[in-house]
There are 2 protein chains.
Amino acid sequence: MFTSFMTDALAEAREAAARGEVPVGAVVVTSDGEIIGRGGNQTREHHDITQHAEIVALRQAAQTLGQERLDGCDLYVTLEPCAMCAGAISHARIRRLYFGASDPKSGAVHVGARVFEHAQSHHKPEVISGLQEEECAEVLKVFFAAQRDLGR
Amino acid sequence: MFTSFMTDALAEAREAAARGEVPVGAVVVTSDGEIIGRGGNQTREHHDITQHAEIVALRQAAQTLGQERLDGCDLYVTLEPCAMCAGAISHARIRRLYFGASDPKSGAVHVGARVFEHAQSHHKPEVISGLQEEECAEVLKVFFAAQRDLGR
C-alpha cells in the first residue's frame, strides 16, 4: 500500500473519531521530513470552532519552531480545507498543501471561496489534491454513518 | 462623538499597538449587550498567525458561554476580516458582523474571497461595514507610519 505523511494525518483523523470529533487529521512536515505539528479536530472537546485539524497542527508547528511563519514546511490534511483553514495556511506560508478527500460542501480551495486564487491571499501554496483520497473519504463516511445510526 | 461597541474594539486595537502588534481589535457582544469576548492581534507575541483579534475574541466568547456556537451574538472589529477570520465568524454563527475600515489589500468580506458569498459558507452574518471607519483606519495608519519611521 502506498504510504506518505498522509498516513500520519489519517492516524490523527482516526484518533479524532475515537474522541467523537469529526475525523479530519493533519500534520506539518519540514523540508527535512520531520513532523513538527500534528492534530485532529478538537472543536467539540474544547468548545472552540477554530480547533480544526489544520489549525491545531499549524499552531503546534509554530510553537515547535518558535516563529510565526512556517516557510518551507508542507501540510498534509485528510480533507480539503475550509476558508478559515485555507486562510491560516496562507498566513503561515506553507509551501505545499496536500489534501486527501475533496469537500464540495464546505471546501474553499478548489470550490467556493477558492481562498488562494485572489490577490488578497499574499501566499499561495502549491496544492496537491486527491492523495490517499479514498482512505481519507472512507474515514469520514464511516463516522457519519455511525452518527446517523445513533440518531445524532 | 458617536460611540458604539466599536469604541471597545478600538480600545483593544490601541492596546495591541502598544504591544507592537498590528492594531486591530474586536469584541463579541450578546443580544443583551454584554461583552463576552474581546481581544487585539497577538500574532507576534505568541508566534501564532491564528491569533488575529477576531479569533481571540471569538475563542474567549465561546469559553465564556461554554459552547462552540455564538448564535445571536454580534462581532465588532476595527478592520475588514481576512479569509481565516471570516471563516471563523461563519463557523461561530455570529449574527451581525460590524467592521470599521475596509481592507482592499487583505480583506475577504467585500473583496477577494468574499467568504460569505458562497454555498460552502453555511452561515452568513448580516454585515454592517464602515462603522467608525475613519477612527479605525487612523489607528492603523499611525501605527504603520511609525513602523516605517523605525525602518521596520
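1. Buried here means under 20% relative accessible area, exposed means over 50%, and partly exposed lies in between (1.4 Å probe, protein chains only). By that scale B:Glu135 is partly exposed, at 24% relative accessibility.

2. The model is predicted: local features need pLDDT of at least 70, side-chain atom pairs count only at pLDDT 80 or more, and totals for chains, interfaces and linings use all residues. Residues are numbered from 1 along each chain as its sequence is written, chains are lettered from A and ligands numbered from 1 in the order in which they are written, and side-chain values use heavy atoms, with hydrogens and water left out.

3. Chain B has an open sheet of five strands in the order β2-β1-β3-β4-β5, with mixed pairing. The edges are formed by β2 (35–40) and β5 (126–129) of chain B; each has a single partner strand, so one side of each lacks a neighbour in the sheet. From one strand to the next the twist averages 15°. Strands (E, at least two residues) and helices (H or I, at least four) are DSSP runs numbered from the N terminus, and two strands pair if DSSP finds at least two bridges between them.

4. The pairing of β1 (residues 25–29) with β2 in chain B is antiparallel and spans five bridges. Within it, B:Gly25 is opposite B:Gly40 of β2(B).

5. Helix α3 (residues 53–65) of chain B lies across β1, β2 and β3 (74–79) of chain B, and runs at about 150° to β2(B). Axes are lines fitted to C-alpha atoms, for helices over the stretch in contact, and angles run from 0 to 180 degrees between N-to-C directions. Contact means heavy atoms within 4.5 Å.

6. B:Leu65 belongs to helix α3 of chain B and is partly exposed, at 35% relative accessibility. Not counting residues up to four places away in sequence, B:Leu65 touches B:Ile36, B:Leu70 and B:Cys73. Its C-alpha atom is separated by 42 Å from that of B:Leu150, 85 residues apart along the chain.

7. The largest nonpolar core has 90 residues, of which A:Val28, A:Leu75 and B:Leu75 touch the most other members. Such a core is a set of buried Ala, Val, Leu, Ile, Met, Phe, Trp, Tyr and Cys residues joined through side-chain atoms within 4.5 Å. Leaving aside neighbours within four places in sequence, the contacts of A:Val28 include A:Ile35, A:Ile36, A:Ala57, A:Leu58, A:Leu75 and A:Ile94.

8. Helix α3 (residues 83–91) of chain A is largely enclosed by the rest of the structure, because eight of its nine residues are buried. Among them are A:Met84, A:Cys85 and A:Ile89. The buried residues of α3(A) pack against α2, β3 (74–79) and β4 (96–101) of chain A, together with α4 (83–91) of chain B. After α3(A) comes A:Arg93, with a positive phi near 65°.

9. A:His52 is in the loop between β2 (35–40) and α2 (53–65) of chain A. The residue is buried, with a relative accessible area of 16%. Leaving aside neighbours within four places in sequence, A:His52 is in contact with residues including A:Met84, A:Cys85 and, in chain B, B:His91.

10. Over all chains there are 16 salt bridges, a salt bridge being a side-chain nitrogen of Lys or Arg within 4 Å of a carboxyl oxygen of Asp or Glu. One of them joins A:Asp74 and A:Arg95, with the closest N and O atoms 3.0 Å apart. A:Asp74 lies in β3 of chain A and A:Arg95 in the loop between α3 and β4 of chain A, so the pair ties together parts 21 residues apart in sequence. A:Asp74 is buried at 5% relative accessible area, whereas A:Arg95 is partly exposed at 32%.

11. In chain B, the side chains of B:Arg38 and B:Glu12 form a salt bridge (2.8 Å, N to O). B:Arg38 is in strand β2 and B:Glu12 in helix α1 (residues 5–18) of chain B, so parts 26 residues apart in sequence are tied together. B:Arg38 is partly exposed, with a relative accessible area of 30%; B:Glu12 is buried, at 9%.

12. B:Arg14 and B:Glu135 also form a salt bridge, with the closest N and O atoms 3.4 Å apart. This pair links distant parts of the chain, helix α1 and helix α5 (residues 133–149) of chain B, the two residues being 121 residues apart. B:Arg14 is partly exposed, at 42% relative accessibility. In chain A, salt bridges that share partners join A:Asp74, A:Arg95, A:Arg96 and A:Glu126 into one network.
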